[in-house]
Structure formats: C-alpha cells, structure tokens
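Open your viewer and get ready to click along. Here's a short tour, one selection at a time.

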Amino acid sequence: MSFETDTVHPSTVALTGDARQHPMVFAAAFNSGSAAAVAEVYEARAVFVPQPGAPTTGAELASATADFLALGLPITLTPRHTYVADDIALLIVDWVIDGTGPDGEPVHIEGTATDVARRGADGLWRYIIDNPFGVVA
C-alpha cells in the first residue's frame, strides 16, 4: 500500500467528542498519508515521543511524524483502555505498522502507546502527549 500526497487528500479529519474514539481518528488521519491531517489530531504544543526517551514538539514533532508516514504503510490500532477525568483522557492503545517499506524491505513496528488527550473548548479531543512506545526503556 502506498499513500498519496497531501495535495490529493484533504487535510481535515473529523475530530471526535468521544475520547474512546480518538485513537481511531488518529488512525484515519495517519492512514490518509497526510501530514496535515495527522497534525490536526494534536494540540499545538503537544509532545510526541517517536523513540523512547526522545520527546519532541513543534517542528520536530511534525518531522518525526513525517518519518513514520514516509514508510508508506498503514497503522492498525486496538484500543485497550480509556480513562477520562473531566477534560483529560489516558489512552492505552496497541498498534502495529507492518508491510513492505518503500525500499522493498520488510517493516514491522509495534507498541503499546500511553497517550494523553485533552478535550478542547470546542468539545473535541486532541493529543497533548503521544507516547507510542509506552514504557519501553
């Protein structure tokens, strides 16, 4: 499977008012292949941890996300737990990226994410912390 460029896919995604559905919103944005769509599922000052112990934010977050998108492979998610306290949610999600990369080599990346999302003033959820490898040291 290969993704099209952002010019083919709309950059908007349907954010959700249900924290339990936010991982699926992320998966839809990721699987669109659009970096702009993926950016919409994060708050402006969100933290993304593309490698254990290496948090990023801002332009570095966008660059790290682009690295995952460049694999040209879809992500599959299985939400495990969602805990909501007021406007904050802890999301525990199993995920897999599996297939053949653009270089023809097999790719298999998986993890259990420990993510934090916040409901915005608009009632929609966005990640404030996306830690895809969870507690991996």
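Which strands does helix α1 lie across? Select residues 22-31: this is α1, and β1, β2, β3, β4 (106-119) and β5 (125-131) are the strands it lies across, where contact means heavy atoms within 4.5 Å. The helix runs at about 150 degrees to β2; such angles run from 0 to 180 degrees between N-to-C directions, with axes fitted to C-alpha atoms, for helices over the stretch in contact.

A quick note on what you're looking at: this is a predicted model, where local features need pLDDT of at least 70, side-chain atom pairs count only at pLDDT 80 or more, and totals for chains, interfaces and linings use all residues. Residues are numbered from 1 along each chain as its sequence is written, and side-chain values use heavy atoms, leaving out hydrogens and water.

Next, colour the strands. They form an open sheet of five, ordered β1-β5-β4-β3-β2, with mixed pairing. Helices (H or I, at least four residues) and strands (E, at least two) are DSSP runs numbered from the N terminus, and two strands pair if DSSP finds at least two bridges between them.

Zoom in on β2 and β3 (residues 88-100): they run antiparallel, joined by ten bridges. Look for Ala 85, which stands opposite Ile 88 in β3.

Now pick residues 58-69. That's helix α3, lying across β1 and β3 at about 70 degrees to β1.

Last stop: select Phe 26, Phe 30, Val 41, Tyr 42 and Ile 75. Within the largest nonpolar core, which has 31 residues, these touch the most other members. Such a core is a set of buried (under 20% relative accessible area, 1.4 Å probe, protein chains only) Ala, Val, Leu, Ile, Met, Phe, Trp, Tyr and Cys residues joined through side-chain atoms within 4.5 Å.

Key: Buried means under 20% relative accessible area, exposed over 50%, partly exposed in between (1.4 Å probe, protein chains only).
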